[in-house]
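Open the model in your viewer and keep the selection panel at hand. The tour goes stop by stop.

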Amino acid sequence: MDQRTMWAYIFGAVCPRKGKGAGLVLPYCDTEAMQQHLAEISQAVDEGAHAVLILDQAGWHVTPKLKVPDNITLMFLPPRSPELNPVENVWQFLRDNWLSNRIFKDYDDIVAHCCAAWNKLVDQPWKIMSIGLREWAHRS
């Protein structure tokens, strides 16, 4: 196992209006992983709809190498403002409820727990609706 496979990253996006989520658990966090994540989100967007994805300015989010699908628009938050990002509530919820204070047997166990946590969340649309909403992002 090389150094890159010693990590597990949950790439996730939620639609608090519909209670939907699209996510992947990947062993790396870079442009290629973000490209896979955008493809996953694009497939989850309803036919004829358009997603606005709120992001921080991490390097793998802002790189010109990223090919953004036609049904997604990226909206970048100001630097150093995680409190504006709705998905931060999701990460905190996953840590608080399903991922923290655990001893993992091995790397595969970590990945399995990350996948299980994400799938539990997606199976609870009401939870996504309650923790993923930022009023400022959903004004008409």
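Which residues is His61 in contact with, leaving aside its neighbours within four places in sequence? Select Met34, Leu55, Asp56, Leu66, Leu74 and Phe76: these are in contact with His61, where contact means heavy atoms within 4.5 Å.

Before moving on, note that this is a predicted model, in which local features need pLDDT of at least 70, side-chain atom pairs count only at pLDDT 80 or more, and totals for chains, interfaces and linings use all residues. Residues are numbered from 1 along each chain as its sequence is written, and side-chain values use heavy atoms, with hydrogens and water left out.

**Stop 1: His61**

Stay on His61, in helix H2. Helices (H or I, at least four residues) and strands (E, at least two) are DSSP runs, numbered from the N terminus. His61 counts as buried because its relative accessibility is 11%; buried means under 20% relative accessible area, exposed over 50%, partly exposed in between (1.4 Å probe, protein chains only). Now show side chains. That of His61 makes a polar contact with the side chain of Asp56, at 2.7 Å. A polar contact is a pair of N or O atoms within 3.5 Å; within protein, one must be able to donate a hydrogen and the other to accept it, and residues adjacent in sequence count only if both atoms are side-chain atoms.

**Stop 2: helix H1**

Select residues 31-44, helix H1. Next, colour the buried residues of H1: Ala33, Met34, His37, Leu38, Ile41 and Ser42. Which elements do they pack against? Show strands S1 (9-15), S2 (20-26), S3 (51-55) and S4 (72-76), along with helix H2 (59-62).

**Stop 3: Val68**

Move to the loop between H2 and S4, where Val68 lies. Is Val68 buried or partly exposed? With a relative accessible area of 34%, Val68 is partly exposed. Val68 touches Leu38 and Leu74, not counting residues up to four places away in sequence. Draw a distance from its C-alpha to that of Ser42: 9.1 Å, for residues 26 apart along the chain.

**Stop 4: the pocket lining**

Finish at strand S1, which gives the most residues to the lining of the largest pocket, seven. Centre the view on Gly12, Ala13, Val14, Leu53 and Val87, which lie nearest the pocket's centre among its 48 lining residues. A pocket is an open set of points on a 1 Å grid over the protein atoms alone, where a 1.4 Å probe fits, with protein on both sides within 12 Å along at least five of seven lines; lining residues have an atom within 4 Å of a point.

Note on methods: Expected span 1.5 Å × (residues − 1).
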